[in-house]
Amino acid sequence: MAFASSPVPEYGRGSSELQAVYGTAQISWKDALYLDVTGRNDWSSTLPSPYSYFYPSVGLTSILSDLIAMPEWISFSKVRGSWAKVGSSAGAYMLQETYAYDSTRGWTNLSSTKMNSDLKPEMTTSWEIGTEWKFLNDRAGFDFTYYDSRTKNQLIVVAT
């Protein structure tokens, strides 16, 4: 398990604080079947209360050539699949309208960015499946992966 806390400069207008807890576990069986699980929780000063968001992942890999008797011309075979969620917080000062002081003109002006007091963390969910095969004592092979990734609550700066 890991802990992290660091100020993160955002948009050159200020800073934010991000604190996180991360955990990971891997279970293997016969050095041929692997289950990986992770979880992370972030607390971001740039989001409205409760400031917290969690994102997990899980992956399963099987080395088929170590579990099943293969023909001699197959050197290696593996299948894998995974699912993951990744979070991201907003930049500093994105919850409320802010004013900027222009020292050359001696006046303040309202930010030109549209603010959202109900901001949610950006979340990307993805999954993938894949396989890897090697043949003829590793002289030939292929690796194939198919994946899909979708983002919700995408954080985009929009001018007012």
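The legends below describe close-up views of a predicted model.

Residues are numbered from 1 along each chain as its sequence is written, and side-chain values use heavy atoms, with hydrogens and water left out. Because the model is predicted, local features need pLDDT of at least 70 and side-chain atom pairs count only at pLDDT 80 or more, while totals for chains, interfaces and linings use all residues.

**Figure 1. Confidence along the protein chain.** The mean pLDDT (the predictor's confidence in each residue, from 0 to 100) is 85, and 81% of the residues reach 70 or more. Residues 3-12 have a pLDDT below 50. Beyond near neighbours in sequence, this stretch has 25 contacts in the model, a contact being heavy atoms within 4.5 Å. Where pLDDT is low, the predicted coordinates should not be read in detail.

Figure 2. Strands (E, at least two residues) and helices (H or I, at least four) are DSSP runs, numbered from the N terminus. Two strands pair if DSSP finds at least two bridges between them. Strand β5 covers residues 74-88 and strand β8 residues 122-135; the two pair in the antiparallel sense over 14 bridges. Strand β9 (residues 140-152) runs antiparallel to β8 and is joined to it by 13 bridges, with Ser149 in β9 as the bridge partner of Ser126. β8 and β9 form a hairpin with four residues between them, and Leu136 in the turn has a positive phi of about 50°.

**Figure 3. The salt-bridge network of Lys78, Glu132 and Lys134.** A salt bridge is a side-chain nitrogen of Lys or Arg within 4 Å of a carboxyl oxygen of Asp or Glu; the whole structure holds five. Lys78 forms one with Glu132, the closest N and O atoms being 3.6 Å apart. This pair links distant parts of the chain, with Lys78 in β5 and Glu132 in β8, 54 residues apart. Glu132 is also the bridge partner of Lys78 in β8. Lys78 counts as buried because its relative accessibility is 18%, and Glu132 is buried at 15%. A second salt bridge joins Glu132 to Lys134 (3.8 Å, N to O); Lys134 is partly exposed at 31%.

**Figure 4. The salt bridge between Asp143 and Arg80.** The side chains of Asp143 and Arg80 meet at 2.9 Å, N to O. Asp143 lies in β9 and Arg80 in β5, so the pair ties together parts that are 63 residues apart in sequence. Asp143 counts as exposed because its relative accessibility is 52%.

**Figure 5. Surroundings of Glu128.** Glu128 lies in β8 and is partly exposed at 28% relative accessibility. Leaving aside neighbours within four places in sequence, Glu128 is in contact with Arg80, Gly81, Ser82, Thr145, Tyr146 and Tyr147. Trp83, 45 residues away from Glu128 in sequence, is 6.6 Å from it in space, C-alpha to C-alpha.

**Figure 6. Aromatic rings.** Rings of Phe, Tyr and Trp (its six-membered ring) pair if their centres lie within 6.5 Å; planes under 30 degrees apart count as stacked, over 60 as edge-to-face and the rest as tilted. The structure holds five aromatic pairs. Tyr53 and Tyr55 form a stacked pair, 5.9 Å centre to centre with 20° between the planes, and both are buried. Ring pairs also link Trp73, Trp133, Phe135 and Phe142 into a cluster.

Notes:
Buried < 20%, exposed > 50% of the residue type's maximum accessible area, 1.4 Å probe, protein only.
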